[in-house]
Amino acid sequence: MTRIANLGPPQPTGGLLTIRLLTQSDAALLEAFLVQHRDSSMFLRSNALRAGLEFHGQAPQAHYCAAFAGAEIVAVAAHTWAGMLLVQAPEYAAEVARACVAESSRAVTGFSGPLEHVRRARAALGLMDVPAKIDCAERFYALDISAIRVPEALANGAVTCRAPRPSERDLLCAWRHAYDREVLGADDSEEARKRAAGFLDWQIGENAAWVAVEDGVPVSLSAFNASLPDIVQLGGIYTPPELRGRGYAKVVVAGSLLAARARGVSRAVLFTQNPSAERSYQGVGFERQGDYGLVLLR
């Protein structure tokens, strides 16, 4: 059942602000809103494009609830099949969060979105004091790919960038698991290894993973967590500790973005807490845009 709630007085558009569950017929309205905030809406946009707006229990489907001022969406929350609540809500974050979880009737396992939107949504659901294995404010960077600074090692061919080969899968799966442990707090279990391998296999299958290679040997990994015709989101960027400090991350990031540019992509975003990684990203032209919230509840 779709619930509609009056949330305030008439807006400047002249319409009463309402909140309701979205259906596939709302896809164009949602895209029009999210494109206005495209740098911080990658997961919402890519999931909606891949799986539609209606929930049938499959990944990566979600329940989507939006606040409307007249005929225009002004805030949205999506409660995914896995329990994550994704928010893009410059206003009314509390209202869309509560409405979305009421519609889904599922437990909330975490939050993702612009930092202040996440904090307001989490507080509205009474989950601020629930222990979290990850609760971070990541620094949020973006780059117009036309302004990319290509590292010298990539430009002169000393280090190359290409898609992974089947013979490299086991090595790269181990790297992805190491990344999950170092950055996402994953444990050293067989289940965690399988989860890491499955995610990397998906990225490789989507042509969304690259390796930097020196003298025929992989030295760094880059991938896209989300990809759209106009914008990509980098994630899972990993260089083994013994190879760090040699500029390989710059090469693999730049190489993957040049490949995306050849497909027509014009912009890239990423999130990080690592000062050393920040310097690498700034080195290829990324500029800080603000803060992004990621919460994974225990």
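**The helix pair and its surroundings**

Modeller: N207 lies in the loop between α7 and β9 (209-214), where helices (H or I, at least four residues) and strands (E, at least two) are DSSP runs numbered from the N terminus. The phi of N207 is near 55°, a positive value in a residue other than glycine. This is a predicted model, in which local features need pLDDT of at least 70 and side-chain atom pairs count only at pLDDT 80 or more, while totals for chains, interfaces and linings use all residues. Residues are numbered from 1 along each chain as its sequence is written, and side-chain values use heavy atoms, with hydrogens and water left out.

As for the helices themselves, the axes of α6 (residues 169-184) and α7 (residues 190-205) come within 8 Å and cross at roughly 115°; these axes are lines fitted to C-alpha atoms over the stretch in contact, and angles run from 0 to 180 degrees between N-to-C directions. The crossing of α6 and α7 is right-handed, a crossing being left-handed if the near helix is turned anticlockwise from the far one by less than a right angle, and right-handed if clockwise. With contact meaning heavy atoms within 4.5 Å, α6 contributes R169, L172, C173, R176, H177 and D180, and α7 contributes A192, R193, A196, A197, F199, L200, D201 and Q203. By class, the contact holds seven nonpolar, two polar and five charged residues, where Ala, Val, Leu, Ile, Met, Phe, Trp, Tyr, Cys and Pro count as nonpolar, Asp, Glu, Lys and Arg as charged, and the others, Gly among them, as polar.

Charged residues also bring in the wider chain. Side chains of opposite charge can pair when their charged atoms come close. With a salt bridge taken as a side-chain nitrogen of Lys or Arg within 4 Å of a carboxyl oxygen of Asp or Glu, the count comes to 18. One of them joins D230 and R38 at 3.0 Å, N to O; this pair links distant parts of the chain, 192 residues apart, with D230 in the loop between β10 (217-227) and β11 (231-238) and R38 in the loop between α1 (27-35) and α2.

Two other loops complete the context. Y92, in the loop between β5 and α3 (93-104), has a phi near 65°, a positive value in a residue other than glycine. The peptide bond from A59 to P60 is cis, with omega near 0°, and P60 lies in the loop between α2 and β3 (62-69).
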